[in-house]
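These are notes for a colleague who is opening this entry for the first time.

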Amino acid sequence: MASTIGVSLLQLAPYVRHVHYNEGDEHYRVPRRVIYDYEFIYLTRGSALFTLGDEEFLLRAGDLHVIPPFTVNACRVPKGGSFSYYACHFDPLYMGEDQDFSDEIYVGVDYANLPEVPVQEELLERPVLGFTDFELPSYVHCSAAHKVTGRFADLQGLFSERPFGYQARMRACLLDIIGLLLEETHTAEGIKQDSPHKAMIAEMIGLMRHGSGSGEQASEIDIEGVARSYGMTAKYARTLFKQATGLSLTRYLATLRMERAKELLRRGGLSIAEVAAECGYDDLHYFSRLFKKLEGLPPRAYGDSLRGTPS
């Protein structure tokens, strides 16, 4: 059984394995298969039927389909139909040469004449890189279609021509696409657009933003009062908060406080202890450990790096 490794937005640095543009008519088909990385399929024209697990759905131009690793998927075009699309296979991080594999796994397959694509047994133990800060939907309609189309066209051009530095530039293109996807699926505060509890979660976040620069802890912010006003318990409201944002209420508050701490460190003029106190942390050592865990550097080193001074 493949292990799962969490990847946060801070760590996200996608490794693009394969990109192509294709067109198909009613004879086009991808039989049942599994893939071993993520795949984005973005329709630029027409429509097609996609299967993901037990679900089948019709996607049209402007829709972005997300296929995760090790999930059975397939595609076909309805009778008389046609479509065109960009496809991109990627990992959220480069996992090293020992976990890499050739795109021939996907390219060298006779999709039209196989009843089912054979499984590559040696890849079934490959780790799954999951996203810790958000969930990728099965599909989403992109309102900024011209931007998404442009970034996929750039991706395909870079992959085909491979100029110097193309790997870094492809990563930048894919990060842009993921950013546009997050704009479609989440509010600016990180709440899922389809959450039926957006109003309550937004109110909770407003309280946390107000309290993130004070000594209040998450438990001391009046979450219970907000939950009660929506007819539920604080415990259930916390569960809904995590479902809607991907983060626990405590972790979300810590993230807000770290953003405040970074702002104060950029400004300068305060000691690390004063920054910690400004962000609601009485324990300097705890603040320093948490800052390093979330940001990758101790607060002093972070501040020194901004000013170009040695740690």
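1. On a 1 Å grid over the protein atoms alone, a cavity is a set of points where a 1.4 Å probe fits but cannot get out, while a pocket is an open set with protein on both sides within 12 Å along at least five of seven lines. Lining residues have an atom within 4 Å of a point. Grid points are joined across faces, edges and corners, and a volume is the space filled by probe spheres set on the points.

2. Basis. This is a predicted model, in which local features need pLDDT of at least 70 and side-chain atom pairs count only at pLDDT 80 or more, while totals for chains, interfaces and linings use all residues. Residues are numbered from 1 along each chain as its sequence is written, and side-chain values use heavy atoms, with hydrogens and water left out.

3. Largest cavity. The structure holds two cavities of 30 Å³ or more. About 50 Å³ of space lies in the largest cavity. Its lining consists of Arg33, Val34, Tyr36, Ile105, Tyr106, Tyr111, Val117, Pro118 and Gln120. By class these are seven nonpolar, one polar and one charged; here Ala, Val, Leu, Ile, Met, Phe, Trp, Tyr, Cys and Pro count as nonpolar, Asp, Glu, Lys and Arg as charged, and the others, Gly among them, as polar.

4. Second largest cavity. The volume of the second largest cavity is about 30 Å³. Among the residues that line it are Tyr36, Asp37, Tyr38, Asp91, Met95 and Arg126. Pro69, Pro92 and Pro127 also belong to this lining. The division is eight nonpolar, no polar and three charged.

5. Largest pocket. For the largest pocket the volume is about 670 Å³. It is lined by 24 residues, and Leu9, Asp133, Leu247, Tyr252 and Thr255 are the closest to its centre. Helices (H or I, at least four residues) and strands (E, at least two) are DSSP runs, numbered from the N terminus. α7 (249–267) and α9 (284–295) each supply at least two residues of the lining of the largest pocket, and α7 gives the most, with seven residues. The lining has 10 nonpolar, six polar and eight charged residues.

6. Second largest pocket. Here the volume is about 350 Å³. Of the 23 residues that line the second largest pocket, His20, Tyr28, Val30, Tyr85 and Tyr111 lie nearest its centre. Two or more residues each come from β2 (15–25), β3 (29–33), β4 (38–52), β7 (73–76), β8 (82–91) and α1 (104–107). Which element gives the most to this lining? β8 does, with four residues. The classes are 15 nonpolar, five polar and three charged.

7. Helices α2 and α3. The axes of α2 (residues 145–161) and α3 (residues 166–185) come within 9 Å and cross at roughly 160°; axes are lines fitted to C-alpha atoms, for helices over the stretch in contact, and angles run from 0 to 180 degrees between N-to-C directions. α2 is therefore roughly antiparallel to α3, where under 35 degrees counts as roughly parallel, over 145 as roughly antiparallel, 65 to 115 as roughly perpendicular and the rest as oblique. In the contact (heavy atoms within 4.5 Å), α2 takes part with residues including Val148, Phe152, Leu155 and Phe159, and α3 with residues including Tyr166, Met170, Cys173 and Ile177. This contact of α2 with α3 has 12 nonpolar, no polar and five charged residues.

8. Helices α6 and α7. α6 (residues 234–245) and α7 have axes that come within 9 Å and cross at roughly 60°, so the two are oblique to each other. Arg238, Phe241 and Thr245 of α6 meet Leu249, Thr250 and Tyr252 of α7. By class the contact has three nonpolar, two polar and one charged residues.

9. Helices α7 and α9. These pack at an angle of about 95°, with their axes 10 Å apart, and are therefore roughly perpendicular to each other. The α7 side of the contact includes Arg251, Ala254, Met258 and Leu265, and the α9 side includes Phe287, Leu290 and Glu295. The contact of α7 with α9 has eight nonpolar, no polar and four charged residues.
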